[in-house]
Amino acid sequence: MNKKELIKTMQTEFDNGDTLSNIYEKYKSEDISEKKFATLVASLKDKNLILKHKTANRVLISLMIIITIFTAIAGYGIGVDAASTNPIYWCAIAIIPIIFLYNFVKINYQAYLIYVLLSITQFPKSLDNFGAELVTDIIGVALSIFLIAFVWYLKNKLFPYMGFFGVKKDANEQYAFTR
């Protein structure tokens, strides 16, 4: 069974009420390393958690739509400044928020993690000319901090067994979902 089929089978079993620990034990012998397999199991989508945090995810999706619109407008502005009215600038700059938007709609674990990592690495750039337009800068920094914290919060709520760089383990070095 290849990786995609395995994920689909495990997700189906999880949706039908099987526990993560049972799924882990059942498919552990597949030709995937233990760490990768634990990551696959821990990143399965839990319908109950998705329903519980549906409103928060919709707020995130709405914010990403607004960000996508603003980045498309900024892309147009950059395109006009470059003496070109080619709409390719709209698409080129807005493609990253669109990719995140799509993956937030699909509730993809990696999208939440990558968004936080990229945002944290880009955060110092937002502080470069801090104070030139103080009110705008404060609003921008506050929104950046809010979005990073909100996406991290939502990632932790939707995927409780996933840590920052992998599956959480308990004190006995066992994966947290196997308890």
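Helices here are DSSP runs (H or I, at least four residues), and strands are DSSP runs too (E, at least two), numbered from the N terminus. The expected span of a helix is 1.5 Å times one less than its number of residues.

This is a predicted model: local features need pLDDT of at least 70, side-chain atom pairs count only at pLDDT 80 or more, and totals for chains, interfaces and linings use all residues. Residues are numbered from 1 along each chain as its sequence is written, and side-chain values use heavy atoms, leaving out hydrogens and water.

**Stop 1: the whole chain.** Show the protein chain as a cartoon. You will find eight helices and zero strands. Now colour by burial. Buried means under 20% relative accessible area, exposed over 50%, and partly exposed in between (1.4 Å probe, protein chains only). Of the 179 residues, 35% count as buried.

**Stop 2: helix H8.** Select residues 134-158. Helix H8 has 25 residues. From first C-alpha to last it reaches 36 Å, close to the 36 Å expected at 1.5 Å a residue. Its buried residues include Asp-137, Val-141, Phe-150 and Lys-155.

**Stop 3: Phe-14.** Go to helix H1, residues 3-15, and pick Phe-14. Is Phe-14 buried or exposed? Phe-14 counts as buried because its relative accessibility is 16%. Next, show its contacts (heavy atoms within 4.5 Å). Leaving aside neighbours within four places in sequence, Phe-14 touches Leu-20, Ile-23, Leu-44, Lys-45 and Asp-46. Lys-45 is 31 residues away along the chain, with 8.4 Å between the two C-alpha atoms, Phe-14 to Lys-45.

**Stop 4: Thr-68.** Move to helix H5, residues 54-81, and select Thr-68. Its relative accessibility is 11%, so Thr-68 counts as buried. Look at its side chain: a polar atom there lies 2.7 Å from the backbone oxygen of Met-64. Beyond neighbours within four places in sequence, Thr-68 is in contact with Ala-94, Pro-97 and Ile-98.

**Stop 5: Phe-70.** Stay in helix H5 and select Phe-70. Phe-70 is exposed because its relative accessible area is 55%.

Key. A polar contact is a pair of N or O atoms within 3.5 Å; within protein, one must be able to donate a hydrogen and the other to accept it, and residues adjacent in sequence count only if both atoms are side-chain atoms.
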